[in-house]
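Let's take a quick tour of one protein model. Have a look at the fold before reading on.

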Amino acid sequence: MLNTVALMGRLTYDPELKTTPSGVSVLRFQLACDRTYQKAGAERQADFIDCVAWRQTAEFINRYFHKGSMIAVEGSIQTQNYTDRDGNKRKSVEVMANNVSFCGSRENASQTASEDVTESYEEIIDGDDLPF
């Protein structure tokens with residue numbers, strides 16, 4: 001059986017990283033994906049797709065993406081049937097994100113990554129201790 005999804009779209013809100021009681025990172029986000037077909041004279045339509053990421057994928061999204069960021073997502077569809085507070089039967093559909101990638105402008109992605117890298121390392125002031 002096959003359950004594979006590939007999406008590219010923009011985040012509709014800033015992602016918020018949460019942690020389960022057992023310490024596992026989880027992040028829910030929504031993608032706006034433009035439809036390829038557009039009726040003549042009509043506005044372009046978009047689909048809004050709910051997604052969830054776990055562990056390192058969730059932490060990666062939280063660190064490098066924000067509202068409006070273009071993102072590519074590879075994953076699978078998961079459905080859940082449940083009963084709401086009023087006793088109505090409901091069904092939720094979401095994409096379980098397994099892999100995500102940058103796909104916006106390189107300038108924006110490299111700027112974010114370089115800011116994080118420079119914060120992680122200290123400047124070497126005296127180069128006499130270097131072996132070369």
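Predicted model: local features only at pLDDT ≥ 70, side-chain atom pairs only at ≥ 80, totals over all residues.

Residues are numbered from 1 along each chain as its sequence is written, and side-chain values use heavy atoms, with hydrogens and water left out.

The protein has two helices and six strands, taken as DSSP runs (H or I, at least four residues, for helices; E, at least two, for strands) and numbered from the N terminus. Along the sequence they come in the pattern β-β-β-β-α-β-β-α.

Here are the overall values:

| Property | Value |
|---|---|
| Buried share of the 132 residues | 25% |
| Share of contacts between residues at least 6 apart in sequence that join residues at least 24 apart | 56% |

Buried means under 20% relative accessible area, exposed over 50%, and partly exposed in between (1.4 Å probe, protein chains only). A contact means heavy atoms within 4.5 Å.

Now for helix 1, which covers residues 55–64 and includes Arg 55. Arg 55 isn't a glycine, yet its phi is positive, at about 50°. With 48% relative accessibility, Arg 55 counts as partly exposed.

Which residues of helix 1 are buried? They are Thr 57, Ala 58, Ile 61 and Tyr 64. Viewed down the axis of helix 1, these buried residues fall within an arc of 155°, so they line one face of the helix; the arc is that of the directions from the helix axis to the C-beta atoms.
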